[in-house]
Amino acid sequence: MSKLGILAAGGPAPGINSVIAAATIRACVSGIEVLGIRDGFKWLMRGDSTRVAPLDIDGVSRIHYRGGSAIGIARANPAQAGKLEETLASLRRLDVDRLVTIGGDGTAFTAMSLQRIAGDSLRVVHVPKTIDNDLDLPDMSPTFGYQTARHVGVRIVKDIMTDAKTTGRWYFIVTMGRAAGHLALGIGKSAGATLTLIAEEFRTETVKLSEMVDLLVGAIIKRRAEGRDDGVAILAEGLIEKLDPAELAELPEIERDIHGNLRLAEVSFGDLLKRRVQVRLGELGLKVTVVAKNVGYELRCADPIPFDMEYTRDLGYCATKYLLQGGGGAMVTIQRGVFKPIPFSEMLDPATGTTKVRMVDTETESYKIARRYMIRLRRDDFADDEAVARYAEAAGLTPERFREEFEYLVGGEAPPLRLNAVNS
């Protein structure tokens, strides 16, 4: 008798257990045996088909309330490791001919690769999961886990903002999202953080560290001119990927591996910016307390909020139902309440050959509104001589010198937001 396998790969995200539960229940109702494959592809790609656990309705009926993954998770990727054949052989030993994968873009690519080499012997559907919200789903549908991560992140930032105001200090909060800045922007905008920096706002291929530093220093000066010594800046971790490699190579904080490559993953980006900002402020004769903090692991295994619980139950149900109806080779999506499978072939980026990544669109009104609420130097500020005089005084500079030091920051600023007229 054939079996349905379920596995989760990549990093944790709130809602995984809900997908597992819904997919299992739907299969069991149809008399299909379900196997929970532990730790993603980790053991399968090693030829080990023993790390599985039978799943039934009683065992999964209430796990949707909990964060984490009842069957574990791992980042092992057989497509990258050249272990697809070993993985497929392990699944065949388990009599698994239908597979539900839960994961992000890397797992989606592995699912697609498995389907391609397996042919008719295995049908695979993928359920998109990542708190980064960077899978290219239609109509800006969120990836599951993002809404919960944003919710929990906002709660954390709200308390930090209170501490910042109480103690008169600045916080630089680095959030997850190496490829795209959705999570940082979502937390910053929702919480009303002082400003949020994401990689997508920079239109050049690389950015100098000094420019990021000046953006933060400019915000601190503007805030001080308005009578506040505190603030909270949200920083997407992907910003470090935008920095000029030649400049990074000269920094003593950046280590290299045995091949001479920069070890960016081990850089404490918040601390790096903190030190550089404090040096820049010191040059201006300003003393500001800055605290760097990472917010990431606190979000990944949080209990899902009702949105993600409901959303993922729909996704899990549809994944199994689609397989039972003979479907496969697709990613499961719910678009405006309607199930729509996206064939794996449509998920590929023609330029890279990998799954498409959804970046923050800085041309949208949603992003432009977020920018308007941030406290940061803007083109309007430099068009107002009185404002420049206030900021210059707060920085201990002459107005002319302040312009020389900071006006370059607004050179790439988008035009003012204009809403389309609506007929009454």
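Which strands does helix α1 (residues 16-29) lie across? In this predicted model, helix α1 lies across β1 (3-8), β2 (33-37), β3, β4 (96-103) and β5 (123-128), and runs at about 175 degrees to β1.

These strands belong to an open sheet of 7 strands with mixed pairing, ordered β3-β2-β1-β4-β5-β10-β11. The edge positions are taken by β3 (52-55) and β11 (338-343); each has a single partner strand, so one side of each is left without a neighbour in the sheet. On average, neighbouring strands of the sheet are turned by 30 degrees against each other, direction ignored. The pairing of β10 (residues 330-335) with β11 is antiparallel and extends over 6 bridges. Within this pair, methionine 331 has isoleucine 342 of β11 as its bridge partner. Helix α13 (residues 306-324) also packs on the sheet, where it touches β1, β4, β5, β10 and β11, and its direction makes about 135 degrees with that of β10.

The model contains 23 salt bridges. One of them joins aspartate 97 and arginine 98, with the closest N and O atoms 3.3 Å apart. Aspartate 97 is partly exposed at 25% relative accessible area, whereas arginine 98 is buried at 10%. Lysine 83 and glutamate 86 form a salt bridge with an N to O distance of 3.9 Å; lysine 83 is partly exposed, at 32% relative accessibility, and glutamate 86 is partly exposed as well, at 30%.

In helix α17 (residues 399-406), arginine 401 and glutamate 405 are 4 residues apart, and therefore separated by about one helical turn. Their side chains meet in a salt bridge of 3.0 Å, N to O. Arginine 401 is partly exposed (40%), while glutamate 405 counts as buried (18%). Through shared partners, salt bridges link Asp214, Arg280, Glu283, Arg401, Glu404 and Glu405 into one network.

Notes:
Residues are numbered from 1 along each chain as its sequence is written. This is a predicted model: local features need pLDDT of at least 70, side-chain atom pairs count only at pLDDT 80 or more; totals for chains, interfaces and linings use all residues. Side-chain values use heavy atoms; hydrogens and water are left out. Two strands pair if DSSP finds at least two bridges between them. Helices (H or I, at least four residues) and strands (E, at least two) are DSSP runs, numbered from the N terminus. Axes are lines fitted to C-alpha atoms, for helices over the stretch in contact, and angles run from 0 to 180 degrees between N-to-C directions. Contact means heavy atoms within 4.5 Å. A salt bridge is a side-chain nitrogen of Lys or Arg within 4 Å of a carboxyl oxygen of Asp or Glu. Buried means under 20% relative accessible area, exposed over 50%, partly exposed in between (1.4 Å probe, protein chains only).
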